[in-house]
Amino acid sequence: MSFKCNQCGECCRNIGGVELYKDLDNGNGVCKYLVGNLCSIYNERPILCRVDESYELFFKHIDKEDYYNANYAVCKLLKEKTEKSNQKE
Ligand code: SF4
Ligand code: SF4
């Protein structure tokens, strides 16, 4: 089992105000390494951008399915937020 990301790029566009990602922020809340919807440093991206490896290192005390579901819930919220703001335009 591994995390299923559909590469929408929304998480990488919403790092503003998140202390852990502050070194990646281009000043607009978007990661400076995001190109289109993709990570330009994918193979070298920080551990905090790696859902499965982060689980192994930091979240093993949580059930893996619960961990994935929490991540999927954030993905869904970010996608909904973007959909809403696109509808306003
Ligand atoms: S928001 Fe979720 S689905 Fe979209 S790129 Fe990030 S991890 Fe992948
Ligand atoms: S380093 Fe890559 S995966 Fe991590 S937030 Fe930036 S663009 Fe996204």
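The following conversation goes through a predicted model and asks how its descriptions are reached.

Student: How do you know what the overall fold of the protein is made of?

Tutor: The secondary structure comes to 2 helices and 2 strands, and from the N terminus on these elements run β-β-α-α. The C-alpha atoms fill a box of roughly 40 × 25 × 20 Å along the principal axes.

Student: Why is Tyr67 called partly exposed?

Tutor: Tyr67 has 19 C-beta neighbours inside 10 Å, whereas a residue is buried if 20 or more other C-beta atoms lie within that distance and exposed if 12 or fewer do. The value lies in between, and therefore Tyr67 counts as partly exposed.

Student: Why is Lys79 also called partly exposed?

Tutor: The count for Lys79 is 14 C-beta neighbours inside 10 Å, and because the cut-offs are 20 or more for buried and 12 or fewer for exposed, Lys79 counts as partly exposed. Of the 89 residues of the protein, 3% count as buried.

Student: Where do these two residues lie, and what do they touch?

Tutor: Tyr67 is in helix H2, which covers residues 64-88, and Lys79 is in helix H2 as well. Leaving aside neighbours within four places in sequence, Tyr67 is in contact with Tyr55, Phe59 and Ile62, while Lys79, with residues up to four places away likewise not counted, touches Cys8 and Glu10.

Student: What makes the shell around ligand 2 count as 10 nonpolar and 1 charged?

Tutor: Ligand 2 is surrounded by Cys12, Ile15, Leu24, Cys31, Tyr33, Leu34, Cys39, Ile41, Arg45, Pro46 and Cys49. Cys, Ile, Leu, Tyr and Pro count as nonpolar and Arg as charged, so the shell has 10 nonpolar, no polar and 1 charged residues.

Student: How do you know which classes make up the shell around ligand 1?

Tutor: The residues surrounding ligand 1 are Cys5, Asn6, Gln7, Cys8, Gly9, Glu10, Cys11, Cys75 and Leu78. Because Cys and Leu count as nonpolar, Glu as charged, and the others, Gly among them, as polar, this shell divides into 5 nonpolar, 3 polar and 1 charged. Cys8 and Glu10, both in the shell of ligand 1, are also the residues that Lys79 touches beyond four places in sequence.

Notes. Residues are numbered from 1 along each chain as its sequence is written. Chains are lettered from A and ligands numbered from 1 in the order in which they are written. This is a predicted model: local features need pLDDT of at least 70, side-chain atom pairs count only at pLDDT 80 or more; totals for chains, interfaces and linings use all residues. A residue is near a molecule or strand if its C-beta atom, placed from the backbone, lies within 6 Å of it. Helices (H or I, at least four residues) and strands (E, at least two) are DSSP runs, numbered from the N terminus. Two residues are in contact if their C-beta atoms, placed from the backbone, lie within 7 Å.
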